[in-house]
Amino acid sequence: MLLEIKNLKYKYPDGNEALKGVSLKISHGEKVALIGSNGSGKSTLLLQIAGALKIQSGEIILNGSSGLILQDADDQILMPSVIEDVAFNLIADGVNINQAHERAEKILKELEIEHLKNRVPHKLSGGEKKIVSLAGILINEPDLILLDEPTASLDLRARKRLINILRDMDKAILLATHDLDMTLEICTQAIILNHGVFSAAGDLRTLLNDKNLLELNGLA
């Protein structure tokens with residue numbers, strides 16, 4: 001088992017209970033959609049798995065490493081050029097800068113964006129920024145990719161390109177979204193999160209064909 005979460009709870013300082021005791025398991029290579037309307041707790045769960053929010057109650061067991069793609073790529077881009085940004089994590093871990101850039105170029109080529117390597121990341125299109133953010137995560141070879149609303153604000157072409165990349169990846173994915181059409185192209189399993197509680201889990205297509213279930217969870 002790659003990821004196991006046991007009875008995870010999280011309350012923000014303002015008293016909002018974002019997670020009210022959720023449990024899940026994800027195997028190596030499994031692609032799971034985390035479906036829920038805005039405010040359901042999806043982002044909080046991803047941040048906890050990624051270690052960005054301290055665990056208050058419950059347990060997260062990750063037998064490997066994870067990488068988180070934030071909803072707004074501008075929050076994740078730090079450096080003045082694409083190649084520097086993609087190589088950043090390796091250099092921060094002590095890898096020689098030349099080796100880090102060599103690895104970054106390989107990742108950029110695999111994602112077919114090597115032509116952007118000397119561009120200023122913040123001046124790229126939304127879709128390009130998203131793929132650069134993904135490259136910056138992939139350079140550390142994580143076992144689990146966490147994505148928070150990855151198609152938000154993308155045009156149709158950029159959305160399709162990102163979907164194709166994610167669908168063809170051989171890594172485990174936990175994809176938080178309310179873009180139900182996208183989940184069908186990438187994931188096989190799904191969890192519905194509603195006000196901090198898992199209200200349903202199982203085969204993605206079965207859940208999405210249950211109109212009453214979707215309506216009850218604000219997803220119709």
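Is helix α1 (residues 42–49) mostly covered or mostly uncovered, and how many of its eight residues are buried? Helix α1 is mostly covered, with six of the eight residues buried, where buried means under 20% relative accessible area, exposed over 50% and partly exposed in between (1.4 Å probe, protein chains only). The buried residues are Lys42, Thr44, Leu45, Leu46, Gln48 and Ile49. Gly51 follows α1 and has a positive phi, near 85°. Helices (H or I, at least four residues) and strands (E, at least two) are DSSP runs, numbered from the N terminus.

The model is a predicted one, in which local features need pLDDT of at least 70 and side-chain atom pairs count only at pLDDT 80 or more, while totals for chains, interfaces and linings use all residues. Residues are numbered from 1 along each chain as its sequence is written, and side-chain values use heavy atoms, with hydrogens and water left out.

Turning to the sheet, six strands form an open arrangement in the order β5-β6-β7-β3-β8-β9, with mixed pairing; two strands pair if DSSP finds at least two bridges between them. Because β5 (66–69) and β9 (197–203) stand at the edges with a single partner strand each, one side of each is left without a neighbour in the sheet. Neighbouring strands are turned by 15° against each other on average, direction ignored. The partner of β5 is β6 (residues 144–148), paired in the parallel sense over four bridges, and Ile69 stands opposite Leu147 in β6. Across β5 and β6 lies helix α4 (residues 126–138), running at about 165° to β5. Axes here are lines fitted to C-alpha atoms, for helices over the stretch in contact, and angles run from 0 to 180 degrees between N-to-C directions; contact means heavy atoms within 4.5 Å.

A nonpolar core is a set of buried Ala, Val, Leu, Ile, Met, Phe, Trp, Tyr and Cys residues joined through side-chain atoms within 4.5 Å. The largest has 47 residues, of which Ile35, Val86, Leu111, Leu134, Ile145, Leu166 and Ile192 touch the most other members. Helix α4 supplies the largest share of this core, six residues. A second, separate core of 24 residues includes Leu3, Val32, Leu45 and Leu193.

Two loop residues other than glycine have positive phi values. Glu112, in the loop between α3 (97–110) and α4, has phi near 60° and is exposed, with a relative accessible area of 59%. His195, in the loop between β8 (189–194) and β9, has phi near 50° and is exposed at 55% relative accessible area.
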